[in-house]
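Reader: Could you help me learn to read a protein model? I would like to take it feature by feature.

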Amino acid sequence: MRQRFLTHASLAVLLAVSAAPILAQRQGETATPATAANLSDLSAAKPGRAPDQPIDEEYTRKIREYTTQPFFLSPLVDYLPASKTVPTPAAVLGDIAGAPTKLPYAEEVYQYMRMLEKASPRVKVFSIGTTEEGREMIAVAVASEELIAKLDANRAQLAKLADPRTIAFDDRQAEQIASTAAPVYYITGTIHSPESGAPTALMELAYRLAVDESPYVKNIRDHLITLITPVVEVDGRNREVDIFKWHMAHPGETYPNLLYWGHYVAHDNNRDAMGMTLKLSQNVMNTLVEQKAQVLHDLHESVPFLYDNTIGDGPYNAWLDPLLTNEWQMIGWNNVQEMTRFGMPGVFAHGQFDTWSPGYLMFMAATHNGISRLYETFGNGGTAETVERTLSPSETERTWWRQNPPLPRVMWSLRNNNNYEQTGLLVSLSYFANNRRQFLENFWEKSKRSVNKPKVEGPAAYVLPADERRKGAQAELLAVMQRQHVEISRATAPFTVGVPAKKGAAAKADSSKRGAGAATTRTFPAGSWIIRMDQPYSRIADALLDYQYWSPDDPQKNPYDDTGWTFPEGFNVQSFRITDPKVLDAKMQRVEGAIRPEGGISGAGSVFAIENNGDNALATLRYQLRSADFQVAEDAFTAGKRSFPRGSYIVRGIASGELDRAAKELGVPVVALGAAPSVKTHPARAARVAIMHNWISTQTEGWWRMAFDFNRIPYDYISTQDLAKEPNLNAKYDVIIFPPAGGSPQQIIEGLPMWRNPMPWKKTELTPNLGNTDETDDIRPGMGWNGLAALQQFVANGGVLITAENTSDFAVQFGMANGVSVNTVPRLRVVGSLLRSKVVDDASPIVYGVSDNMAIYSDEGSSFNVSALKYGGRGSRFGGTESRATGRGTADDPDVVQGRPPLDTAFMPANLPKSERWELAPLTIEQLRNPINIIPPDQRPRVALRFGDQKDLLVSGLLDGGGDIAQRPIVVDVPLQKGHVVLFASNPMWRGETLGSYALVFNTIMNWDNLNAGRKIDAR
């Protein structure tokens, strides 16, 4: 496999070098950008300054001063051209870009970009939206005066290449456009806030592109529109600058890590290009699509010295056009070649990063017929200081794909980083400008192939049927498609098409729900949603709606991110992949505007019934109508000639008009009744909720806060430090949610090491951007033993604690989950996959409205064991395995003791009922003789949800060794005196991609004081 990659890589180098008419000078040579013979051919220009253009002597001197070795410079950045009218970055920074004492806030970066715009007709600044906290995001276009003046006209030409339908697939017209239009190369920086060098590099790059008159740069400016968003994660950038300022003001002291980047998530902001839940994702996507950009090049800073990781390693995403993967090779290897010729060490491509997941910001271009690009350069972890860095052997060893590795020990500066970023970008911009016609023709060809998908590889369309039970989740999935700029149509009449029979787990899942079984045709009702594949952005729709399979035998043994993400499964809605081209002939209308499910009251009466279908809007409705009387039916019932499942709501005490308005807004159907049905109920109170975090990491819990905010469910945001400070938690909260948090169970208690100085996280004059989400005088203390005792008392007094993944481990380890242990499976391989679940106890309020066979996101395949014994297991004398001991016969035969008659039945133990993996093992006479470790029947764990059977377990992604987790519990309700601990082995609220499992959490908080409803108590 590696030999095959090497052959392709070698060929790519030859292709890239031969395709680029660029002659690069070596470090130290006299710059001769053009000769008399080639002045008219700017594409032949060597990199280097224009001899007749003066340089900014002081700025250039500091470039060399702050660069720690001459070979960390290139002829593209070892000088700065001077201008009498255009300010350099020093006008705002007070020093050059990459200075060791300055990181600018986003507003300072914007100030400079707007100064450029005012001073030069070659620069234009656009406001592209705001963040969750209201901070502006911008894009800066830099090109020749002529191109800037005709941005709109050029964009109109590119739009014809982006959508071949607009020019009737006319190749000759497309060829003419490709020969005259200027491509758009979109660069984004600092999505990861501690990777802090890109803003200054991009400030200086914009200046160079606007001012430099060297033929090399002029060629870029005349033939290419460079679009720059210098700060993607604006909220996090400003917090990172605060941390840097605090660090510089407290020399010699330890300083906090950047705990909060964006308002919700940190590193995972670069995993949102599928769900498109974050403002930064939406703003960049809209800019990419509206500007008709051909490239999205995202800058990162975690690998020495420049890793062009777009080429990456296998497996490549299965929905990409091979033209794109070829373009990765062309541009990437040219990059390595040119920077190696400059004498810059540590520039490489390929590496071990797989390009399977389409969740990265750069992948927006890949899935929208453009070219995704990503650099990893070497940052210093958020500081501008120059520091000594010692690299690991794995970072400096010479491999086939890294023939010129980084140096093992270096003094590394922000300026070094800026040099590499700008040099790499200028090389790529030059290559793209020189080969612009080929890339625009490829852009046209990829767009055509996307529109022609139904005629070639298929499918023809995806259909989301009008008879969907969970219309709210369906609308949310369609909204994701709209945020991806995917076209959606709606059937105006019923239609019948062929539906391929599904196989394996998908067929076993709910045949009525996912088109499984042997049926070859299906009639879809009018109102069904059709996502046609004959459209420009069919690839992203196909990639999100289809299934993924990562082979356990794949040579790539370390997937970089999630391996499965099938959105209809994650949203728990019906979706049909239709290969029958007749679907495109169905009568339909293109949908414009927001898609909302129909809701409101039908019928007459003062009592109202609402079916519990697991839609998240039900929880929103309950909190919006706090004063209304919501009762939950503990059994199914029939009313008004309609059947309602267990968990449905009966509502009184509210005016019909008020309920109707709320139900219409939320898309919740309500049936008015003349009288209340006769069924056992309990109240659904709007619980007082706290979401708790610790100060080690806030990464994953941010997705939970987002889910609650998006569904308008109020909560207090508290830290583990707050538990011991509150004298009576039950007086404030009914439910405390502890989502996945940083650290081991022990670290959750202890926090960070308490030696050295306190590390505050709070809003001050020095750090005005900290503390807006939560604050503390010192992030080091953890929950502490007093906090643990307070949490235990909260549950014992009747509160509910919800945990997930590692916080469930925490609850188990510290005695809050009697009879539950974490299932340890050393042979298991699950990496961000969707796995099939089964409802165990449909009377449990936790699973009200939840369909059987729902797909559950699992990061590592975590699961539980349950027992009627406090510490788990079957007891010391019955703790064997499920298989028989070694002996005579087959696996099903009894052993025989030689020289002794077979045992009489009087000496045989009583046959215990067999228990399944998700069940409590029956208790024995031995255990009951002195039941000190036997949990009282009303306090035993109650399994609500388990993993599916082994043969049906994998839904999407990677699964190896699934037999060890098949049928194991994954959601367990554990009574603890008057309260409950609800344990999730999985993460039900993940990246806005798992809306189907949100109901498990919302059901818990809606039924917090009645979780024992429907519970069957063991006799002993």
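Reader: Where is Phe907 found?

Author: Good place to begin! This is a predicted model, and in it Phe907 lies in the loop between β34 (864–866) and α28 (925–929).

Reader: Is Phe907 buried or exposed?

Author: A residue counts as exposed when its relative accessible area is over 50%. Phe907 has 63% relative accessibility, so it is exposed. Together with Leu903 and Met908, Phe907 forms a nonpolar patch on the surface, and the three have about 350 Å² of accessible area together.

Reader: And Glu204, is that residue buried or exposed?

Author: Buried means under 20% relative accessible area. Glu204 is at 0%, and therefore counts as buried. You will find Glu204 in helix α8 (residues 198–211).

Reader: What does the side chain of Glu204 join in a polar contact?

Author: The side chain of Arg415 is its partner, at 2.7 Å. Beyond its neighbours within four places in sequence, Glu204 is in contact with several residues, among them Tyr59, Leu80 and Gln422.

Reader: How do I read a whole helix?

Author: Start with the general idea: an α-helix has 3.6 residues a turn, so residues three or four places apart point the same way. Now look at helix α12 (residues 322–341), which reaches 29 Å from its first C-alpha to its last, close to the 28 Å expected.

Reader: Why is α12 described as largely enclosed?

Author: Because 15 of its 20 residues are buried, α12 is largely enclosed by the rest of the structure.

Reader: What is found at the start of α12, and what follows the helix?

Author: At the start, a side-chain oxygen of Asp321 comes within 2.8 Å of the backbone nitrogen of Leu323. After α12 comes Gly343, with a positive phi near 90°.

Methods. Residues are numbered from 1 along each chain as its sequence is written. This is a predicted model: local features need pLDDT of at least 70, side-chain atom pairs count only at pLDDT 80 or more; totals for chains, interfaces and linings use all residues. Side-chain values use heavy atoms; hydrogens and water are left out. Patches are made of residues with over 30% relative accessible area and no salt bridge: like charges are joined within 9 Å, nonpolar side chains (Val, Leu, Ile, Met, Phe, Trp, Tyr) within 5 Å. Accessible areas come from the Shrake-Rupley method with a 1.4 Å probe; for residues, only the protein chains shown count as cover. A salt bridge is a side-chain nitrogen of Lys or Arg within 4 Å of a carboxyl oxygen of Asp or Glu. Helices (H or I, at least four residues) and strands (E, at least two) are DSSP runs, numbered from the N terminus. Buried means under 20% relative accessible area, exposed over 50%, partly exposed in between (1.4 Å probe, protein chains only). A polar contact is a pair of N or O atoms within 3.5 Å; within protein, one must be able to donate a hydrogen and the other to accept it, and residues adjacent in sequence count only if both atoms are side-chain atoms. Contact means heavy atoms within 4.5 Å. The expected span of a helix is 1.5 Å times one less than its number of residues.
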